[in-house]
Amino acid sequence: NGSLHDWKTNIARYCVDNKLLMLSACAAFAGPLLDKVNMDGGGFHIYGTSSTGKSTTSRVSASVFGEYNDFMKNWRCTNNGLEAMAAIYNDSILILDEISQNKSGIENNVYMLANGNGKVRANRFGGACKSKKWKVFVLSNGERTADSHAQESSNKTVNAGAQLRMLNIPVSGKYGIYDNLH
């Protein structure tokens, strides 16, 4: 939606000296590169208190491809719905807002999204259906770490593998997500 010049003028220039905005813009380019460099997916989970700009980081990432409403989704979905979204956003970024809206299986969802394989299902004859596959980079946000949500939903310690696939990044700017207000 618009030109590269418009994006540079209205969005990219404000990323300068704002590390979370820069990270979010760069995350948008990670998804399309995963297959080219033969890497699995993964992602970042930006967390911090309310009204610090976490959703703005998601909008910056989505702006790389167009209207943010087309790319920003939320964690309020079933496991099957999340799998379908990952397949739709294959070779791109999957932006998931407000992790607290997902109350079941965050750790399993992180593994599924990063590993790029859907659940194996049986067809009506008892054989296996073809599983969905994808390569996506995930940008998530919420008020607490992804680990704390995963631990809450499973009542167990989160595996290191899930922690490595979804890195928790705190809001730590001088003004919420911003260090420089330009």
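Start with the whole chain on screen: among contacts (heavy atoms within 4.5 Å) between residues at least 6 apart in sequence, 73% join residues at least 24 apart. What you have open is a predicted model, in which local features need pLDDT of at least 70 and side-chain atom pairs count only at pLDDT 80 or more, while totals for chains, interfaces and linings use all residues. Residues are numbered from 1 along each chain as its sequence is written, and side-chain values use heavy atoms, with hydrogens and water left out.

Now switch to cartoon view. You'll find eight helices and five strands; these are DSSP runs numbered from the N terminus, helices being H or I with at least four residues and strands E with at least two. Going from the N terminus, the order is α-α-β-α-α-β-α-β-α-β-α-α-β. The radius of gyration, taken over C-alpha atoms, is 17 Å, close to the 16 Å from the globule rule (2.2 Å times the number of residues to the power 0.38) for 182 residues, so the protein is as compact as a globular protein of that length.

Next, select strand 3, residues 92-97. Six of its six residues are buried (under 20% relative accessible area, with a 1.4 Å probe and protein chains only), so the rest of the structure largely encloses this strand. On one side, look for strand 2 (residues 72-74), which pairs with strand 3 in the parallel sense over three bridges; to count as paired, two strands need at least two bridges found by DSSP. Click Asn74 and you'll see Asp97 of strand 3 opposite. Follow the chain from strand 2 through helix 5 to strand 3 and you trace a right-handed β-α-β crossover: with the strands pointing away from you, the path from the first strand over the helix to the second runs clockwise.

Strands 3 and 4 run parallel, joined by five bridges, and Ser92 has Val136 as its bridge partner. Together with helix 6, these two strands make another β-α-β unit, also right-handed.

Finally, show side chains for the largest nonpolar core, which has 39 residues. Such a core is a set of buried Ala, Val, Leu, Ile, Met, Phe, Trp, Tyr and Cys residues joined through side-chain atoms within 4.5 Å. Trp75, Leu82, Leu94, Ile95, Leu96 and Leu113 touch the most other members. Helix 2 gives the largest share, six residues. Which residues does Leu96 contact, leaving aside neighbours within four places in sequence? Among them are Trp75, Leu82, Met85, Leu113 and Val138.

Technical notes
Buried < 20%, exposed > 50% of the residue type's maximum accessible area, 1.4 Å probe, protein only.
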